[in-house]
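This report describes a predicted model. It takes up a loop residue, a pair of helices and the nonpolar cores in turn.

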Amino acid sequence: GSTSPNTGNTPTPNQKEFAKIKNVINTKTSTTDPSETYKDKLVNLAPTVSDVANENGRYLTNTNLVGSCTPGFTVKFLFTINYKAISHTHNNDPNGKYSIFSFEDLMGISELLHKGKINGTDFVATLSTSKGTHYALTIADVNKFKAFFYAQNNDGTGANQTQWWGNYNTMSGIKDKYYNNETNPLISQTDTKNANVLEKFLDMLNESDMGLALFETNANFTT
């Protein structure tokens, strides 16, 4: 959706979310090099998309420490850490990789939020892909994001059963429509038309109303 021009001192939604990204990428990450920031880590991460075998990743903790998650990338083994940012690649897999965040990426972020390992008000996820795309994602509305992934992160028995099944059907319907259609998925790992994939991903964000904000960036994370 669009936002009205900002005529006063109150930031527009886009400005507010962009400020989160700016804060993260400009975070100082070295005790010996005062000029080093998390952006430098992202710039160094981007070329690893040429790795045929593995996705690669970096993360920034809430105490401004940087770590690597290689080979491969999954947030499931990192629940001992509190994060300010998680960054990863979709590598040059011969079978294809999404030029945008996968649904599993979003599910992983939701699980981290549910378990209190990220603060939704300042968290940033970035992605660089072998198809030449680079994105940054923020949680613009924590409550909406938690609500959309309710079934992913909560028990479906007892008093929660009706809510759980209703949410599960909604969540699964979105995933199936955009990612899992066996004959013609709207978002495909083999689609080389990045603008088309981006358009469909934005359609999904709008239809699901899951409370995320997406920004496109260059490989140096300067624009």
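## Surroundings of Thr133

Leaving out residues up to four places away in sequence, Thr133 touches Ser99, Leu127, Ser128 and Asn194. Thr133 belongs to the loop that runs between β4 (124–129) and β5 (134–139), and because its relative accessibility is 4%, where under 20% is the cut-off, Thr133 counts as buried.

Two polar partners can be named for the side chain of this residue. The Thr133 side chain reaches the backbone oxygen of Ser99 at 2.8 Å, and it also makes a polar contact, at 2.5 Å, with the side chain of Thr129.

## Packing of α3 and α6

Helix α3 (residues 103–114) packs with helix α6 (residues 161–180) at an angle of about 150 degrees, the two axes being 11 Å apart. Since angles over 145 degrees count as roughly antiparallel, this makes α3 roughly antiparallel to α6.

In this contact, Phe103, Glu104 and Met107 of α3 meet Met171, Ile174, Lys175 and Tyr179 of α6. By residue class, the contact of α3 with α6 divides into 5 nonpolar and 2 charged residues, with no polar ones.

## Nonpolar cores

The largest nonpolar core holds 43 residues, of which Phe201 and Met204 touch the most other members, while α3 gives the most to this core, with 6 residues. When neighbours within four places in sequence are left aside, Phe201 is in contact with Ile100, Phe101, Leu106, Tyr179, Ile187 and Leu214.

Another core, of 12 residues, lies apart from the largest one, and its members include Val24, Tyr38, Ala85 and Phe215.

Key:
Residues are numbered from 1 along each chain as its sequence is written. This is a predicted model: local features need pLDDT of at least 70, side-chain atom pairs count only at pLDDT 80 or more; totals for chains, interfaces and linings use all residues. Side-chain values use heavy atoms; hydrogens and water are left out. Helices (H or I, at least four residues) and strands (E, at least two) are DSSP runs, numbered from the N terminus. Buried means under 20% relative accessible area, exposed over 50%, partly exposed in between (1.4 Å probe, protein chains only). A polar contact is a pair of N or O atoms within 3.5 Å; within protein, one must be able to donate a hydrogen and the other to accept it, and residues adjacent in sequence count only if both atoms are side-chain atoms. Contact means heavy atoms within 4.5 Å. Axes are lines fitted to C-alpha atoms, for helices over the stretch in contact, and angles run from 0 to 180 degrees between N-to-C directions. Angles under 35 degrees count as roughly parallel, over 145 as roughly antiparallel, 65 to 115 as roughly perpendicular and the rest as oblique. Ala, Val, Leu, Ile, Met, Phe, Trp, Tyr, Cys and Pro count as nonpolar, Asp, Glu, Lys and Arg as charged, and the others, Gly among them, as polar. A nonpolar core is a set of buried Ala, Val, Leu, Ile, Met, Phe, Trp, Tyr and Cys residues joined through side-chain atoms within 4.5 Å.
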